[in-house]
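My notes follow in the order I checked them.

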Amino acid sequence: MLKVLSETSGTNHMKLDESVKAAGLTPTADLLQDAAQRALAYVQSVHDRPVNVSTQALQGLNEFRHSLPHAGLDAHEVLRRLDEAGSPATVPTTGGRYFGLVIGGAMPATIAANWLATAWDQNACFRWTSPIAAALEEVALRWIGDLFGLPDDIGGAFVTGASLANFAALAAARHALLSRLGWDVEAKGLYGAPELRVVVSKETHVTVSKALSMLGLGRERVIVVPTDQQGRMRVSELPELDEQTIVCIQAGNVNTGDFDPAREICRLARKAGAWVHVDGAFGLWALANRDFDTLTDGVAEADSWATDGHKWLNVPYDNGIVLVRRAATLRAAMSLNAAYLAEGDVTDREPSHYTPESSRRARGVDIWAALLNLGRDGVAGLIERTCRYAGIFAQGLEASGFEVLNHVALNQVLVSFGTPEMTRAVINRLQADGICWCGGTVWQGRVAMRISVSSWATTDADVQTSLQAMIHAAEACAP
Ligand SMILES: *Cc1c(COP(=O)(O)O)cnc(C)c1O
């Protein structure tokens with residue numbers, strides 16, 4: 001594999017050198033052409049590559065493990081090394097048969113826009129450091145709010161992922177509840193502050209717990225609500241809510257894909273003056289498809305939302321989005337200088353007043369490109385297609401006598417191949433075969449293989465090939 005790749009790229013490179021000379025390109029243009037050619041070769045070969053990393057490729061990484069030379073290397077040589085030893089050691093998540101974690105692939109329009117934006121190298125911190133980044137963030141936020149049916153004056157920001165989106169949203173929640181009680185948490189911290197209560201479910205994602213720990217709210221100092229067989233919060237077991245309570249719910253359980261009952265929880269919270277935060281890292285995108293209205297019912301009634309661009313929207317890493325019902329609340333929690341931009345002040349949106357980061361790349365560009373390239377129908381279609389594929393996996397595996405452990409509400413499937421040992425053996429076998437890739441999980445005490453269909457690149461043929469590979473792996477492991 002390594003050899004084949006390097007030979008191919010070597011040939012391309014020679015051809016490129018000649019054409020570059022003929023075209024009279026500058027050294028910079030020549031280098032960027034070289035990078036584009038290599039990236040193209042990668043993108044075009046990734047679909048046919050085994051969906052794992054070979055031992056040879058892993059050994060090849062030793063080529064990088066030398067001391068830093070005194071003299072720098074020519075940029076072409078740097079790139080050559082990266083491609084020849086680096087490309088084979090990538091996990092081919094963008095090829096259409098990778099179903100691990102909740103990993104999307106980068107759509108061509110988003111890779112292309114991302115390249116151009118990297119060449120721009122804009123600092124998206126302020127409007128004046130990048131008018132284009134600020135403008136596209138505003139446009140993309142408006143489009144997302146519109147797609148999800150969220151209120152007009154939502155605020156938002158582009159962060160590294162749902163982890164930071166959860167963090168920023170919960171900081172906004174902390175601000176909102178404490179400021180209503182007359183406490184300025186940004187100025188005074190939590191020392192002597194009125195106590196907040198945080199309600200989570202037994203299925204709360206670890207990144208929500210981490211955000212709570214970073215915010216001084218404590219990952220253990222929470223009230224944990226039990227869940228049902230789909231991992232949904234049992235509303236009947238919610239504690240009494242009040243204006244000092246933050247309720248963290250999920251839109252898209254990482255195992256089952258199911259949603260907490262948002263309508264009822266938001267109704268109770270609204271009545272009590274509590275704050276509802278939704279972790280919708282992937283699931284929030286189901287709001288863009290009306291066929292999922294029953295599942296998503298009430299999600300738009302929450303106070304804040306966290307989601308990812310790099311999962312289901314299929315933009316390059318890293319890209320997460322935080323959304324808060326009132327822009328001013330997020331701004332108050334994230335503002336670089338609260339005195340200079342007081343809450344309620346209606347001025348142009350200054351990006352850095354909405355994010356934990358200051359200097360940042362222009363992440364809004366990738367989201368804008370994805371949304372414009374897909375259009376409303378394309379986003380809805382991506383959700384529909386990937387969920388349909390999840391359904392095909394579930395039906396196909398059940399028809400072959402294997403047990404699907406979840407009701408497939410979205411794009412996630414959990415399957416057991418029998419005993420825990422048998423399921424683990426099938427997962428190992430499947431991963432070694434390299435036709436498709438799935439990981440393992442433990443769902444309500446049972447070992448399961450987890451299939452997450454999140455990539456734009458997955459086709460009908462990929463699903464059939466992968467389903468056969470799963471069944472063959474199970475047959476090969478049968479006692
Ligand atoms: C992936 C995921 C996260 C974390 O997102 P990152 O992009 O990895 O930061 C949080 N919550 C849920 C439900 C997720 O699926």
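I began with the ligand: one of its nitrogen atoms sits 2.7 Å from an N or O atom in the side chain of Asp-279. I count a polar contact as a pair of N or O atoms within 3.5 Å; within protein, one must be able to donate a hydrogen and the other to accept it, and residues adjacent in sequence count only if both atoms are side-chain atoms. I then found a ligand oxygen 2.6 Å from a side-chain N or O atom of Ser-163, and for Lys-311 the distance to a ligand oxygen is 2.8 Å. The ligand taken alone exposes 390 Å², of which the protein buries 84% (Shrake-Rupley method, 1.4 Å probe).

This is a predicted model, in which local features need pLDDT of at least 70 and side-chain atom pairs pLDDT 80 or more, while totals for chains, interfaces and linings use all residues. Residues are numbered from 1 along each chain as its sequence is written, and side-chain values use heavy atoms, with hydrogens and water left out.

I listed 14 residues around the ligand, and His-310 and Asp-308 are among those that come nearest (a heavy atom within 4 Å counts as near). The shell splits into 4 nonpolar, 7 polar and 3 charged residues; Asp, Glu, Lys and Arg count as charged, Ala, Val, Leu, Ile, Met, Phe, Trp, Tyr, Cys and Pro as nonpolar, and the others, Gly among them, as polar.

Next I checked the loop between strand 6 (304–308) and strand 7 (320–324), where Asp-318 lies (strands are DSSP E runs of at least two residues, numbered from the N terminus). The Tyr-317 to Asp-318 peptide bond is cis, with omega near -15°. Asn-314 is found in the loop between strand 6 and strand 7, and has a positive phi of about 60° although it is not a glycine.

Definitions and conventions
Helix = DSSP H or I, 4+ residues; strand = E, 2+ residues; numbered from the N terminus.
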